[in-house]
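Subject: Structure for you to look at

Hello,

Here is the structure I said I would pass on. Please open it alongside this message.

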Amino acid sequence: MENEVQETINNFISTKPENLNIIGYGSCVKEQFVKGSQIDTILAVNDTFEWHKKNYTLNKKDYCKKGYFFLQSKSSDYLTKINYMSYLKDHNNMFKIGVISKKNLEDDLLNWRHGIISGRCQKPIELIKSDYSLDYAIKMNRLNALRSSLILLAQTECQEIDLYKTICSLSYKGDIRMRLGFENPNKINNIVNGSFDEFKSIYSSLNDDYYKINGNLKINTHKLLNEVNQLPITLQEHLSKYFDDLDNLTDNDIEKLKHLIELYFKKLNLKSSIIQPMKGIVTNNSFKVLKYALEKRNKSKLGID
């Protein structure tokens with residue numbers, strides 16, 4: 001049976017053109033409505049240009065003139081492949097929807113092209129409308145997040161919660177919003193503490209002898225090193241610049257591997273965290289962008305997400 005948020009999202013999305021998948025995420029979705037928050041959703045569609053063209057006919061109020069023309073240009077597809085429309089009113093609720101092609105959504109999940117979708121889906125989400133290919137892509141994204149995080153924690157003394165915090169942190173490393181104070185500095189702790197059981201359920205189901213919990217976390221570094229060559233292609237390409245052979249890594253390579261994985265995520269997130277807000281400024285009118293930025297800043301100061 002649908003919960004209230006899922007029903008609200010489905011009712012809102014039913015006013016839009018056809019979609020293939022719907023993902024709900026964020027505090028409003030996971031905590032069953034947070035006062036004053038937007039309901040965050042991602043729509044996967046066949047063709048984003050056609051989708052916006054149809055939606056402009058059906059829901060012209062969703063767009064500012066400049067934003068619509070941008071969404072019909074090739075520039076809108078630059079780097080992150082997703083564009084968000086904010087503060088879309090439906091009855092007593094406000095929505096933010098990100099529209100992306102299904103092909104690009106699954107490509108980011110599998111290959112970490114820009115990190116926007118993969119980062120979202122490494123944390124607990126609501127799959128409101130899914131299918132086999134999306135389920136598989138999310139599973140592989142999470143498996144690779146698990147592998148990467150365990151490498152980052154290898155040869156250190158840590159506990160189960162440290163694993164989930166590390167997984168959650170992957171999408172925030174290098175994010176310019178964290179540096180500029182537009183995100184709550186305690187965001188990672190808040191997400192994990194509020195969704196510990198979901199993190200445990202998600203990642204324990206993917207644990208194929210990668211780790212054991214016996215008080216502290218016991219990490220199988222041998223298995224992880226043997227599977228570095230199964231990580232997303234963009235990460236493998238990054239690592240191959242510094243390692244001659246990813247198939248024969250040893251314990252002596254772990255510290256270097258940690259540093260390079262950390263660097264990879266910082267570069268990935270920095271680029272996306274700069275480009276995506278710039279696209280948002282063009283897509284949405286300046287009042288909406290300013291309102292959103294001030295809200296994020298104020299929430300950060302208050303220590304809420």
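This is a predicted model: local features need pLDDT of at least 70, side-chain atom pairs count only at pLDDT 80 or more; totals for chains, interfaces and linings use all residues.

Going along the order from the strand 3 side, strand 3 and strand 4 (residues 93-101) run antiparallel and are joined by six bridges. Within this part, L88 is opposite F95 of strand 4. Strand 4 then pairs with strand 2 in the parallel sense, over seven bridges, and here I97 in strand 4 stands opposite T41. Strand 2 is joined to strand 1 by five bridges, and these two run antiparallel. The bridge partner of I23 in strand 2 is I42.

Strand 2 deserves a separate look. How many of the residues in strand 2 (residues 39-45) are buried? The count is seven of seven. In a regular strand, side chains alternate between the two faces of the sheet. In strand 2 both faces are covered: I39, T41, L43 and V45 are buried on one side, and D40, I42 and A44 are buried on the other.

Helix 7

Y136 has a relative accessible area of 40%, which makes it partly exposed. Together with L110 and Y132, Y136 forms a nonpolar surface patch of about 350 Å².

L150 is also in helix 7. Is L150 buried or exposed? L150 counts as buried because its relative accessibility is 0%, under the 20% cut-off. Leaving aside residues up to four places away in sequence, L150 touches L163, Y210, Y211, L217, I219 and L224. The C-alpha atoms of L150 and T221 are 8.1 Å apart, although 71 residues separate the two along the chain.

Most residues other than glycine have a negative phi. Two residues to check against that are W112 and Q155.

W112 is not a glycine, yet has a positive phi of about 55 degrees. W112 sits in the loop between helix 5 (102-111) and helix 6 (116-121). With a relative accessibility of 1%, W112 counts as buried.

Q155, again not a glycine, has a positive phi of about 65 degrees. The loop that holds Q155 runs between helix 7 and helix 8 (160-169). Q155 is exposed, at a relative accessible area of 52%, whereas W112 is buried.

Regards

Technical notes: Residues are numbered from 1 along each chain as its sequence is written. Side-chain values use heavy atoms; hydrogens and water are left out. Patches are made of residues with over 30% relative accessible area and no salt bridge: like charges are joined within 9 Å, nonpolar side chains (Val, Leu, Ile, Met, Phe, Trp, Tyr) within 5 Å. Accessible areas come from the Shrake-Rupley method with a 1.4 Å probe; for residues, only the protein chains shown count as cover. A salt bridge is a side-chain nitrogen of Lys or Arg within 4 Å of a carboxyl oxygen of Asp or Glu. Buried means under 20% relative accessible area, exposed over 50%, partly exposed in between (1.4 Å probe, protein chains only). Two strands pair if DSSP finds at least two bridges between them. Helices (H or I, at least four residues) and strands (E, at least two) are DSSP runs, numbered from the N terminus. Contact means heavy atoms within 4.5 Å.
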